[in-house]
Amino acid sequence: IAIIGLTCFFKIPSTGNPVIKYWRIFFLFLALSTFVGAHSHAFFAIHDGVAYKSIWLPMQVLNGFAIYFAQLATLLSVLKNSKQYNAWKWSYIIQLVVYYIVLLTVQKYVVTIIDNALGLIPIMILHFTAKEKEEYYQWIAYGILVSFITAIVHGVKFSLADYFNYNDIAHVFIMISMIVMCIGVRKKAALSNVQIG
């Protein structure tokens, strides 16, 4: 997941378009969050204690920023002409602040799951239902839709083998989700380059 996130960050050209910039940063923070999180799983059999939380909490903080940058990209694209532009903008800031307060207080993964849902579900719906259609909107929306398969896989604990269980399958769907979204953002970046040129 970290490699895919970094690949998307580097493969999406920097166009000077703030929408592209924020999507690139989304992928970067997702990559960093996953990279840090891998260490918390690799080095700690027991997911508790100060040492574990010193790695686990930064992973969640980085994830919160990833969601926020996806929201900013949406704000400057799908919502740029919305009458509720400022309301959306402030809701994103408030969500980020509340997420960090609750995360640091509760220190449970369910807080991150809720933040991801509150961040990504509206982004998906906004991209699916936008009045001004751009081709890449569908890629973003379908990418997020794919990511929610992970919840089903986790919920039913669907596993193919001991060494390819529901956790592994869920991560595969996260990777597919990122690739689909990345394709969409790359299409937008290519179009932005054409328009600038």
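1. Let's start with what the lining of the largest pocket is made of. By class, 19 of its residues are nonpolar, 17 are polar and two are charged. Keep in mind as you look that this is a predicted model.

2. How many residues line the largest pocket? The count is 38. If you want to find its centre on screen, look for N63, Y109, N116, H171 and I174, which lie nearest to it. The volume of this pocket is about 1200 Å³.

3. At least two residues each come from α2, α3, α5, α6, α7 (149-156) and α8 (166-196).

4. Helix α5 deserves a look of its own. With 21 residues (109-129) at 1.5 Å a residue, α5 should span 30 Å, and this agrees with its end C-alpha atoms, which are 30 Å apart.

5. Which residues of α5 are buried? They are V111, T112, D115, N116, G119, L120, I123, M124, L126 and H127. Here is a handy idea for reading such a list: an α-helix has 3.6 residues a turn, so residues three or four places apart point the same way. The cover over the buried residues of α5 includes α2 (18-43), α3 (50-75), α4 (85-106) and α6 (135-147).

6. Finally, turn to the second largest pocket, with a volume of about 300 Å³. Its lining includes S77, V78, L79, K80, N81 and S82, along with L126, T129 and Y137. Sorted by class, the lining residues of this second largest pocket are five nonpolar, four polar and three charged. L126 is also among the buried residues of α5.

Methods. Residues are numbered from 1 along each chain as its sequence is written. This is a predicted model: local features need pLDDT of at least 70, side-chain atom pairs count only at pLDDT 80 or more; totals for chains, interfaces and linings use all residues. Side-chain values use heavy atoms; hydrogens and water are left out. Helices (H or I, at least four residues) and strands (E, at least two) are DSSP runs, numbered from the N terminus. The expected span of a helix is 1.5 Å times one less than its number of residues. Buried means under 20% relative accessible area, exposed over 50%, partly exposed in between (1.4 Å probe, protein chains only). Contact means heavy atoms within 4.5 Å. On a 1 Å grid over the protein atoms alone, a cavity is a set of points where a 1.4 Å probe fits but cannot get out, and a pocket is an open set with protein on both sides within 12 Å along at least five of seven lines; lining residues have an atom within 4 Å of a point. Grid points are joined across faces, edges and corners, and a volume is the space filled by probe spheres set on the points. Ala, Val, Leu, Ile, Met, Phe, Trp, Tyr, Cys and Pro count as nonpolar, Asp, Glu, Lys and Arg as charged, and the others, Gly among them, as polar.
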